[in-house]
Amino acid sequence: MLKTDLIKIQVNGTPISIPQDKRVLDAINLSEQKVPTLCFDERIGPQGTCRMCLVEVKLKQQVSYVASCTAMVEENMEVFTHSDSLIEYRKTLLELTLSEIKWDQKSMDNTTLTNNEFKMAVEEYKPTNFFPKLQPREKVKDENPFISRDYDKCIACYRCTNICNDWEQASAITIDGRGQDSKIFSFFDNKLMNSNCTFCGQCINTCPTGALSNKKLELDKPVEKTKTKTVCPYCGVGCGIELISDGKKVLGATPDFSAPSKGSLCVKGQFASWDFVNSKERLTDPLLKNKHGEFEKISWEKALDTFREKLKGSIDNYGPDSTVWWASARVVTESNYLLQKFARTVVGTNNIDNCSRT
Ligand code: SF4
Ligand code: SF4
Ligand code: FES
């Protein structure tokens, strides 16, 4: 039997077929059901530490409890995700976790778009009997312009350190200390600006609680926000982003995990791919220098006439190679094809290039 051969299992009574090299969590997701996964990010694989994804499994008349992110599926397995004891178990785990962190209504309100897994778990399991509060984790003073680090909300899931080391491969943050004294730390003085941090933002996007957040996202304003899938306008790679807006103004961007870039972004895509849209210095009309050397607003007709005149003058006086043509990575292939055709056959120069090449 090949690893990819399908086997039959049941999730909460729903029969599904799944390759035998998959995990129980894959089967739960395939059956469109859900368990909380506070330490899991598929980009870095299972850690099995938070135990929130525990499920009941019946196999060959034996019942056991397994972490669904680590356990593999087996033929004829029956999986139960929401038995009474599992619901009570997850509620108690959340009560224990809440005794270690600072979490209030404001935390709930501020985690509407990103970092909302913990909030969703709190909303679903409604923890009530909090254990005695432990000392919150040490505060960090880090004046970088992009990432807010509020370890009052850190549940020590270590998704941030794993994504930084294994996915971004920057190794900018690590775990220091043990138990409740453990904290996320960056070499040497715990300031990201002085570390290997590339400000890719992956740690923000994997953090399930909002302990790490994007300083440039105005999430504290209680307005309805929408997300629109698009492509980062910077370099030629074209990573997927989701623009966040309140219907009037673009407020920020988050990675689009469904794009081929799988959520990876660089510092520009993460923190700057959108804010020029709101810039007062953005050009919205064609400008032409007057005889005093100052820019003046002109109509599009005048701009095109001026362009044609100058282009013709340059070609007539100095030949077609006196011109250079820049195509764009942000337009469709057909438009780039037309521009190179125009440069080569109408103008007569091979001076055509594209920012995708840089
Ligand atoms: S922004 Fe990227 S490089 Fe910096 S700490 Fe987070 S994951 Fe690591
Ligand atoms: S900062 Fe966030 S991702 Fe990192 S360990 Fe704490 S809760 Fe987990
Ligand atoms: S998600 Fe499975 S143990 Fe945390």
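Guide: We can begin with E56, which stands opposite F80 in β5; please keep in mind that this is a predicted model.

Visitor: Why is E56 called partly exposed?
Guide: E56 has 16 other C-beta atoms within 10 Å. A residue is buried at 20 or more and exposed at 12 or fewer, with partly exposed in between, and because 16 falls between those limits, E56 is partly exposed.

Visitor: Which residues does E56 touch, leaving aside those up to four places away in sequence?
Guide: E56 touches V63, Y65, F80, S83 and L86, and F80 is also the residue that stands opposite E56 in β5. By contact we mean C-beta atoms within 7 Å. As for E32, which is 24 residues from E56 along the chain, the C-alpha atoms of the two are separated by 17 Å.

Visitor: How do you know that β3 and β4 pair, and in which sense do they do so?
Guide: Strand β3, residues 54-59, and strand β4, residues 62-67, are linked over six bridges in the antiparallel sense, and since at least two bridges are needed, the six found here qualify them as a pair. Within this pair V55 stands opposite V66 in β4. The hairpin of β3 and β4 has two residues between the strands, and K60 takes a positive phi near 50 degrees there.

Visitor: Which residues of α5 are buried, and against what do they pack?
Guide: In α5 the residues R159, C160, T161, I163 and C164 are buried, and the buried residues of this helix pack against β7, β8, α6 and β9. Just after α5, Q169 takes a positive phi of about 55 degrees.

Visitor: Which residues come nearest to ligand 1, and which elements give two or more residues to its shell?
Guide: Of the 14 residues around ligand 1, C164, A170, C197, C200 and C203 come nearest, while α5 and α6 are the elements that give two or more residues to the shell.

Visitor: And which residues come nearest to ligand 2?
Guide: There the shell has 13 residues, of which C154, C157, C160, C207 and A211 come nearest; by class, it has ten nonpolar, two polar and one charged residues.

How values were computed. Residues numbered from 1 in each chain as written. Chains lettered and ligands numbered in written order. Predicted model: local features only at pLDDT ≥ 70, side-chain atom pairs only at ≥ 80, totals over all residues. Near = placed C-beta within 6 Å. Helix = DSSP H or I, 4+ residues; strand = E, 2+ residues; numbered from the N terminus. Contact = placed C-beta atoms within 7 Å. Nonpolar A, V, L, I, M, F, W, Y, C, P; charged D, E, K, R; others polar.
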